Amino acid sequence: MDIMLENLYVSRELYSSLLHPVCTKYGLAPAELLVLLFLANNTEYDTAKDIVNKLKIAKSHVSISVRALEERGYLRGNYKDRNRRTIHLQLSDTAASVISDVRNVQRKFGSILGHGFSEEELKHFQNYLQRATENVNLYLKNSI
């Protein structure tokens with residue numbers, strides 16, 4: 001169990017250090033980058049509520065990030081159908097270069113984590129992580 005906790009902390013530190021240059025380049029906060037990436041990778045989820053629920057980020061952080069991203073032209077908010085209560089978020093074309101840079105960071109992060117693993121081992125690793133994530137989400141859902 002100690003190695004799993006250590007991995008959580010060092011992986012987070014590595015990911016943050018890899019993302020830092022992208023944040024600096026575009027003048028974005030890490031939470032803003034996370035919102036952009038979430039919307040790019042999860043087109044079926046497009047509301048602030050979706051981001052809060054899926055990423056377990058405080059509603060206030062998501063709200064501030066969305067507002068800042070809209071002001072910078074990275075996001076647009078739209079209403080769908082006649083529902084004026086829910087704003088659906090959409091990435092603007094301006095966000096494309098940011099997303100591209102972050103995806104490069106993700107590939108680098110993945111290659112660092114997976115260095116020395118066979119394809120078979122990587123598939124097992126991804127399956128284990130998926131199951132662990134599902135366990136955590138189930139626990140959080142039932143304990144709140």
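## Exercises on pockets, a buried Asp and ring pairs

Phe38 has a relative accessibility of 6%, so it counts as buried (under 20% relative accessible area; exposed is over 50%, partly exposed in between, with a 1.4 Å probe and protein chains only). Before we start: this is a predicted model, in which local features need pLDDT of at least 70 and side-chain atom pairs count only at pLDDT 80 or more, while totals for chains, interfaces and linings use all residues. Residues are numbered from 1 along each chain as its sequence is written, and side-chain values use heavy atoms, with hydrogens and water left out.

**Exercise 1.** Find the ring partner of Phe38 and classify the pair.

*Solution.* Start with the rule: rings of Phe, Tyr and Trp (its six-membered ring) pair if their centres lie within 6.5 Å; planes under 30 degrees apart are stacked, over 60 edge-to-face, the rest tilted. Three aromatic pairs turn up in the structure. (Helices, H or I with at least four residues, and strands, E with at least two, are DSSP runs numbered from the N terminus.) Phe109 is buried at 16% relative accessible area, and Tyr15 is partly exposed at 21%. Now for Phe38: its partner is Tyr45, with ring centres 6.3 Å apart and planes at 35°, so call this one tilted. Tyr45 counts as partly exposed, at 26% relative accessibility.

**Exercise 2.** Describe the surroundings of Asp46.

*Solution.* Next, check accessibility: 12% relative accessible area makes Asp46 buried. Skipping residues up to four places away in sequence, Asp46 touches Leu39, Lys80, Ile87, His88 and Leu89 (contact means heavy atoms within 4.5 Å). Finally, the side chains of Asp46 and His88 make a polar contact at 2.8 Å; that term covers a pair of N or O atoms within 3.5 Å where, within protein, one must be able to donate a hydrogen and the other to accept it, and residues adjacent in sequence count only if both atoms are side-chain atoms.

**Exercise 3.** Work out what lines the largest pocket.

*Solution.* On a 1 Å grid over the protein atoms alone, a pocket is an open set of points where a 1.4 Å probe fits, with protein on both sides within 12 Å along at least five of seven lines; lining residues have an atom within 4 Å of a point. The largest pocket holds about 2500 Å³ of space. It has 42 lining residues, and Leu8, Leu34, Lys54, Leu55 and Thr133 are the closest to its centre. At least two residues each come from H1 (2-26), H2 (30-41), H3 (48-55), H5 (96-114) and H6 (119-143), and H1 has the largest share, twelve.

**Exercise 4.** Do the lining of the second largest pocket.

*Solution.* The second largest pocket has about 270 Å³ of space. Among its lining residues are Thr47, Lys59, Glu70, Arg85 and Ile87. Two or more residues each come from H3, helix H4 (59-71) and strand E2 (87-91); H4 gives the most, five.

How values were computed: Grid points are joined across faces, edges and corners, and a volume is the space filled by probe spheres set on the points.
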